[in-house]
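Dear colleague,

Please find below the structure for your files. My notes on it follow.

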There are 2 protein chains.
Amino acid sequence: MDYLVRKISQLRIFEDANGKMNRSVSEAGGSVLIVSQFTLAASVRKGNRPSFEKAEPPERASELCKEVVRRLRETGLSVSTGIFGAMMAVSLVNDGPVTVIIDSREGPLPGWAGER
Amino acid sequence: MDYLVRKISQLRIFEDANGKMNRSVSEAGGSVLIVSQFTLAASVRKGNRPSFEKAEPPERASELCKEVVRRLRETGLSVSTGIFGAMMAVSLVNDGPVTVIIDSREGPLPGWAGER
């Protein structure tokens, strides 16, 4: 979770004045919308119906989600949330588009001091 | 690529009348929007600037993208596309939201006859 929070708050994925990905969300004056998404854990390898066996049970997932939000707010970021477990229509304009996958199972590179 | 095209066209990720994920995109009367997204290939493990070394070179990526679109259209689906390599503002309503990752590197399960 430290990894996720650090990456979300520190990744330089917003453009600077020169159009380069160089600014973090706070440097870009942005805020964060956290929406839990158990369908991301779907396995689609077997047949055509997604399997959600790898998703955390709802209670545990909800706790993890709240904790990510709490820790992100501790960094000073403005954080909005969805409603856990609800069907929602999330309207957005995907600018770029830029979509980056941060996988907490990967974690920092071994021996990469910059991550500590 | 066969794997991606088959999964996109056949995955039952749309709700039926009972609210179950049971219908494919064509059964749901839907169409497909294909937008190439090299930022998905970003590695964020090292530091705070994403590395795009794993993304295909633009020319190759563009060919692959066109081929996916061509093959999806062959299945009878209506397919729209983004502009390859362009900065775009993709407006959408993420319904659910449902986001499923289909990774062509995984491919079918060994010995899974249903995938052939």
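How many residues of chain A are in contact with chain B? In chain A, 46 residues are in contact (heavy atoms within 4.5 Å) with 46 residues of chain B. This is a predicted model, in which local features need pLDDT of at least 70 and side-chain atom pairs count only at pLDDT 80 or more, while totals for chains, interfaces and linings use all residues. Residues are numbered from 1 along each chain as its sequence is written, chains are lettered from A in the order in which they are written, and side-chain values use heavy atoms, with hydrogens and water left out.

The interface

The two chains bury about 4,100 Å² between them, with 56% given by carbon and sulfur atoms; buried area is the accessible area (1.4 Å probe) that two parts lose on being put together, summed over both. On the side of chain A, Val44(A), Arg45(A) and Asn48(A) lose the most area to chain B, together 18% of what that side buries.

Helix α2(A)

Helix α2 of chain A (residues 58-74) is a DSSP run of H or I, at least four residues long. Its buried residues (under 20% relative accessible area, 1.4 Å probe, protein chains only) are Ser62(A), Cys65(A), Val68(A), Val69(A) and Leu72(A). These cover an arc of only 125° around the axis, taken from the directions from the helix axis to the C-beta atoms, which puts them on the same side of α2(A). The face turned away from that side carries Glu59(A), Lys66(A) and Glu74(A), which are exposed (over 50%).

Yours sincerely

Terms used. Helices (H or I, at least four residues) and strands (E, at least two) are DSSP runs, numbered from the N terminus. The expected span of a helix is 1.5 Å times one less than its number of residues.
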